[in-house]
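Okay, everyone, thanks for coming.

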Amino acid sequence: MRTTLITCLVGFAALACSTTPAARPVTTTLPAAAVRHVVVFRYKPDASAEKIRQVTEAFAALKDQIPGILAFEHGVNNSPEKLNQGFTHVYQMTFTDAAARDVYLVHPAHKAFGTLLGGSGVFD
């Protein structure tokens, strides 16, 4: 009986330490006029992880350079469906409203980011 109890406790402890914690629901309330801007990239197959990291960090830095950006999120396609047509990375910015998005589109920092992308050599 004691051996069974100890075995069960060790098993439970191992399971508790090895599982991924449950995702927490997003509880941030966005302004009613919030706008999301989604960008999907298809990097060249030979684009290095370092170059992709540089692009992602430069994109993320815009949040601190341009007013009205509430959030920046990014991720890599992991769907087993294979319907992404070569697009591998998605980036999403959330703006306070459409006016903030419009400011972003013409902002010098956004234009500089576009220049960086054009010279990066990671896109066709």
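So, what covers the buried residues of α4? The cover includes β1 (35–41), α2 (49–65) and α3 (98–106). Keep in mind that this is a predicted model.

And which residues are the buried ones? In α4 they are Ala109, His110, Phe113, Leu117 and Ser120. If you look down the axis of α4, those buried residues fall within an arc of 100°, so they line one face of the helix. Now turn to the face pointing away from that buried side: there you'll find the exposed residues Pro108, Thr115, Gly118 and Gly119.

Quick check on the helix itself. α4 has 13 residues, 108–120, and at 1.5 Å a residue it should span 18 Å; the C-alpha atoms at its ends are 18 Å apart, so that agrees. Just after α4 comes Gly121, with a positive phi of about 75°.

In soluble globular proteins, nonpolar side chains tend to be buried together. Here, the largest nonpolar core has 20 residues, and Phe41, Tyr43, Phe59, Leu62, Met93 and Tyr104 have the most contacts inside it. Two or more residues come from each of β1, α2, β2 (69–76), β3 (89–95), α3 and α4. Which element gives the largest share? That's α2, with four residues.

Let's finish on Tyr104. Ignoring neighbours within four places in sequence, Tyr104 is in contact with His37, Phe59, Leu62, Ile66, Ile69, Met93, Phe95 and His110. And His110, remember, is one of the buried residues of α4.

Key:
Residues numbered from 1 in each chain as written. Predicted model: local features only at pLDDT ≥ 70, side-chain atom pairs only at ≥ 80, totals over all residues. Heavy atoms only, no water. Expected span 1.5 Å × (residues − 1). Buried < 20%, exposed > 50% of the residue type's maximum accessible area, 1.4 Å probe, protein only. Arc of directions from axis to C-beta. Contact = heavy atoms within 4.5 Å. Core = buried A, V, L, I, M, F, W, Y, C linked by side-chain atoms within 4.5 Å.
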